[in-house]
Amino acid sequence: MQGGGSLGAYECGIYKTLEKHNIKLDIVAGTSIGAINASIIAGSKGQSPAKTLEEFWMEIAEKIIPSFLSDNLRSIFSSIFASCYGNKNIFEPIWYSPNTFKYNSLFYNYTNFPPHLYDIKPLKDTLSKFIDFDKINYYYKTNITNKSKQKKDAVRFTPRLIMSSTDIQKSEPVTFDSDTMKIDADHIVACAGFPFYGLSWTEKDGRYLWDGSLLSNTPLREVINASPKNHKIVYIVNLFPKNQKEVPKNMFEIWHRARDIMHTDRTEHNIHMSKIISKHLML
């Protein structure tokens, strides 16, 4: 599951369709909002992960802007509202914190001004409503990596969770895998701090972490690395369209289309390289 902010709601619909057709997943992987979706699927508190995921999206949906407005106007006003007031279930502006503006009143030198615009701590509280972390950590807790029968039983219980993040200081990908480590809410939030939206980074295990989409928005590589010797059927949820007939009409549409093209190229490159590696191994 790719990163893409509110486009992650589309991933919810995709997973509902997979569940409807009784398609079981051994591994569910995600980046950014895809990591959040994947973690809810892997650790759903409800009997139906698809239903739990939909409930999450209904919980975080913006419900302030009047529904009688056109879709375009609602989109604009929702963006403005979120920029000013945040979303109580996901992020809050730093100007809501009384400790944000500490300055020397004589020279107006800000001494403790945060390096981001929004804090994503509210997301951790929201995730706790929908995720059973004991369920996610079933693989790790029982240490069943090499016990095939127990592992098959575990797959029926919950899929293996893989999420990607980015080390700010080393410019390196950081992978969180429920098969090899105990996953908590900080790991999930660490995958979702997108700097270009002003979201805060997360300090975890001595590292400062940003959104995994900065290096790769499609965690296919991480899935292949997780079990390189096994054949796979992989479902990739593409949030960014490759083809678009209409030429952008304004800077807003230009920015969106350029983003689509960049992410599409990365996804195709990942798929292309995985096929080349497979052919090399077969040879």
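This is a predicted model: local features need pLDDT of at least 70, side-chain atom pairs count only at pLDDT 80 or more; totals for chains, interfaces and linings use all residues.
When I speak of helices and strands, I mean DSSP runs, H or I of at least four residues for helices and E of at least two for strands, numbered from the N terminus.

Residues are numbered from 1 along each chain as its sequence is written, and side-chain values use heavy atoms, with hydrogens and water left out.

Back to the charged pairs, then. Asp186 also meets Lys204 in a salt bridge, at 4.0 Å from N to O. Because Asp186 lies in helix α9 and Lys204 in strand β8, this second pair ties together parts that are 18 residues apart in sequence. Lys124, Asp184, Asp186 and Lys204 are linked in a network of salt bridges.

How buried or exposed are these residues? Asp186 is partly exposed, with a relative accessible area of 23%, and Lys124 is partly exposed at 31%, whereas Lys204, at 12%, counts as buried. Here buried means under 20% relative accessible area, exposed means over 50%, and partly exposed lies in between, with a 1.4 Å probe and protein chains only.

The structure holds eleven salt bridges, and one more of them joins Lys242 and Glu268, at 2.8 Å from N to O. That pair links distant parts of the chain, with Lys242 in the loop between α10 (220–226) and α11 (251–282) and Glu268 in helix α11, 26 residues apart.

Stepping back to the whole chain, there are eleven helices and nine strands, and of the 283 residues, 40% count as buried. Among contacts between residues at least 6 apart in sequence, 64% join residues at least 24 apart, a contact being heavy atoms within 4.5 Å.

Two of the helices, α1 (residues 8–20) and α2 (residues 33–42), have axes that come within 9 Å and cross at roughly 35°; these axes are lines fitted to C-alpha atoms over the stretch in contact, and the angles run from 0 to 180 degrees between N-to-C directions. In this pair, Gly8, Glu11 and Tyr15 in α1 meet Ile33, Gly34, Asn37 and Ile41 in α2.

Which residues touch Ser78, not counting those up to four places away in sequence? They are Glu62 and Ile65, and Ser78 itself, placed in helix α4, counts as buried at 19% relative accessibility.

Finally, a word on backbone angles. Most residues other than glycine have a negative phi. Ser171, however, has a positive phi near 55°, and Ser171 is found in the loop between β6 (160–167) and β7 (172–177). Asp205 likewise has a positive phi of about 55° although it is not a glycine, and Asp205 sits in the loop between β8 (202–204) and β9 (207–211). Ser171 is exposed at 54% relative accessible area, and Asp205 is exposed at 59%.

Technical notes:
A salt bridge is a side-chain nitrogen of Lys or Arg within 4 Å of a carboxyl oxygen of Asp or Glu.
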